[in-house]
Amino acid sequence: MATYFVSDIHGQNQAFRRALRDAAFSPQTGDRLYVIGDMIDRGPESKEVLFDLFTLQKQYPNQVFLLKGNHEQMLEDWLKGQGNPELYLRYNGGDATIRSLLGNHPLRRAFLHSMPSNAEQEEARRLIQSEYPGLLPALSALPFYMELPADPQTGAPAVLLVHAGIRPGIPLRQQNPEDLLWIREPFYLYYEGDRPIVFGHTPVPRLPDYEGYGPWRRGNLIGIDGGAAYRRGVLLVEWPSLQSIFVPVGDVQPAMQVRVI
């Protein structure tokens, strides 16, 4: 039985599936998978990543665990008509997720290379929530973090899993959700705690003094965002060995795009 961590898949389903195959991941035999947020946005198959993982979690609730990232939060907010739609759709790749969810509906054109009108957004919300009534509740139910206990059998220490990080010096239960989803330098530059923390959100090449293709390490911090949001790759990390599989996005066959007729 193996335990794997992955984060920031960002709709790159082909690279993600290749990583699972290369690891011979098997929940049927007890392997566990923790996805530390940002399953969606930017990449072409956000719907497939998200719903395949929801299905896998439902089939194997004791083996597959999903956490909320800032991109899941932005999609949740958008579906509720909240947040900043331009920030989500134009600057954070949410348009790719909406097109993915709309399939071949002509309305998807409004989310391609332009900012859709309020009316177009509202119609898209209606269509998506009608087609996928369980989506918004599933997004809302995603936890912001998970605490895994130490495992004497494998020698794994207790570890905190969180998408972006924590604000150093503040108890976990008092952390601002905004920090858990969005924090960067104040966390990874200044955290000096005793508990290991595995996080995503910031691609490993952007973390200080990173070299290679595996996870980033500094003290008790372990960064595992492989940079799929920027077409770098998906990084699957075994716990507690930190052996990893890195699948570059460019190494897999691009998914077929849905054509609007």
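## A helix in the middle

The buried residues of helix H5 make contact (heavy atoms within 4.5 Å) with helix H2 (46-59), helix H3 (70-79), helix H4 (85-91), helix H6 (118-131) and helix H7 (135-141). Helices (H or I, at least four residues) and strands (E, at least two) are DSSP runs, numbered from the N terminus. This is a predicted model, in which local features need pLDDT of at least 70 and side-chain atom pairs count only at pLDDT 80 or more, while totals for chains, interfaces and linings use all residues. Residues are numbered from 1 along each chain as its sequence is written, and side-chain values use heavy atoms, with hydrogens and water left out.

How many of the 9 residues of H5 are buried? The count is 9 of the 9 across residues 94-102, so H5 is largely enclosed by the rest of the structure. Here buried means under 20% relative accessible area, exposed means over 50%, and partly exposed lies in between (1.4 Å probe, protein chains only). The buried residues of H5 include Asp95, Arg99 and Ser100 as well as Ile98, Leu101 and Leu102. Gly103 follows H5 and has a positive phi, near 60°.

## How H5 meets H6

Two packed helices are described by the angle between their axes and the distance between the axes. For H5 and H6, the axes come within 10 Å and cross at roughly 50°. That makes H5 oblique to H6. Axes are lines fitted to C-alpha atoms, for helices over the stretch in contact, and angles run from 0 to 180 degrees between N-to-C directions. Angles under 35 degrees count as roughly parallel, over 145 as roughly antiparallel, 65 to 115 as roughly perpendicular, and the rest as oblique.

The crossing of H5 past H6 is left-handed, a term for the near helix being turned anticlockwise from the far one by less than a right angle (right-handed if clockwise). Ile98, Leu101 and Leu102 make the contact from H5, and Ala124, Leu127 and Ile128 make it from H6.

## The open sheet

Turning to the strands, 5 of them form an open sheet with mixed pairing, in the order S4-S5-S6-S8-S7. S4 and strand S7 (216-218) stand at the edges with a single partner strand each, so one side of each has no neighbour in the sheet. From one strand to the next, the twist averages 20°. Two strands pair if DSSP finds at least two bridges between them.

S4 and strand S5 (residues 159-162) are antiparallel, with 4 bridges, and Met146 stands opposite Leu161 in S5. S5 and strand S6 (residues 197-199) are instead parallel, with 3 bridges, and here Leu160 is opposite Ile197 in S6.

## Two nonpolar cores

A nonpolar core is a set of buried Ala, Val, Leu, Ile, Met, Phe, Trp, Tyr and Cys residues joined through side-chain atoms within 4.5 Å. The largest such core has 46 residues, and Leu33 and Trp78 touch the most other members. H2 supplies the largest share of this core, 5 residues. A second, separate core holds 18 residues, among them Leu148, Ala156, Val198 and Trp239.

Leaving out residues up to four places away in sequence, Leu33 touches Tyr4, Val6, Phe16, Leu20, Phe25, Leu53, Gln63, Val64, Phe65 and Leu236.

## Loops worth a visit

Asn92 lies in the loop between H4 and H5 and is buried, at 10% relative accessible area. Not counting residues up to four places away in sequence, Asn92 touches Asp41, Arg42, His71, Met74, Leu87 and Trp182. Asp41 sits in the loop between strand S2 (32-35) and H2. Asp41 is not a glycine, yet has a positive phi of about 80°; with 0% relative accessibility, Asp41 is buried.

Most residues other than glycine have a negative phi, and most peptide bonds are trans. Arg231 also has a positive phi, near 60°, in the loop between strand S8 (221-223) and S9. Is Arg231 buried or exposed? Arg231 is exposed, with a relative accessible area of 53%. Finally, Trp239 and Pro240 are joined by a cis peptide bond with omega of about 5°, and Pro240 is in the loop between strand S9 (233-239) and strand S10 (244-248).
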